[in-house]
Amino acid sequence: MKHADKLKVLVVDDDADMRAEHLQILKKIGVQTILETDLVVRAKEILLEEFNKAEPIHLILCDHHMPNNLGIDFINFVRLSLKFKDIAFITITSDSDRSV
């Protein structure tokens, strides 16, 4: 992927195996800077830390089904934030339910 090496990606998933798969795919396409967490609270902290260092996140991959609907809450947090609303956001799930 062209310019993938310049991307900074945040992966948020409570399932360690799924997080590992996402990291493997991102590395395979050339992404070199990948931050990861299993907690939405920590994901918010990472966003703020990187923003304050003037090293913003370019893409967020977030599990749709985090405990207590926190995946949905995180999407809303990012989209409603003036600082983060323009970050590309992809929700991911291993759920086979098509109503998701």
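Let me start with a term: a residue is buried under 20% relative accessible area, exposed over 50%, and partly exposed in between, using a 1.4 Å probe and protein chains only. By that rule Glu50, at 7% relative accessibility, counts as buried.

A word on the model, everyone. It is a predicted one, where local features need pLDDT of at least 70, side-chain atom pairs count only at pLDDT 80 or more, and totals for chains, interfaces and linings use all residues. Residues are numbered from 1 along each chain as its sequence is written, and side-chain values use heavy atoms, with hydrogens and water left out.

Back to Glu50, then. Which residue does Glu50 form a salt bridge with? The partner is Lys8, with the closest N and O atoms 2.4 Å apart. A salt bridge here is a side-chain nitrogen of Lys or Arg within 4 Å of a carboxyl oxygen of Asp or Glu. This pair links distant parts of the chain, as Lys8 is in strand β1 (residues 8-12) and Glu50 is in helix α2, 42 residues apart. Helices (H or I, at least four residues) and strands (E, at least two) are DSSP runs, numbered from the N terminus. Lys8 is buried too, with a relative accessible area of 10%.

Lys8 also meets Glu55 in a salt bridge, at 3.5 Å from N to O. Glu55 lies in the loop between α2 and β3 (59-63), so its pairing with Lys8 in strand β1 ties together parts 47 residues apart in sequence. Glu55 itself is partly exposed, at 38% relative accessibility. Shared partners join Lys8, Glu50, Lys53 and Glu55 into one salt-bridge network. The structure's count comes to 7 salt bridges.

Phe51 and Phe84 are edge-to-face, at 5.9 Å centre to centre and 80° between the planes. Phe51 lies in helix α2 (residues 40-52) and Phe84 in the loop between α3 (70-80) and β4 (88-92), so this pair ties together parts 33 residues apart in sequence. Is Phe84 buried or exposed? Phe84 is buried, with a relative accessible area of 3%, while Phe51 is partly exposed at 37%.

To finish, ring pairs link Phe51, Phe74, Phe77, Phe84 and Phe89 into a cluster. Thanks, everyone!

Terms used
Phe/Tyr/Trp six-rings, centres within 6.5 Å; stacked < 30°, edge-to-face > 60°.
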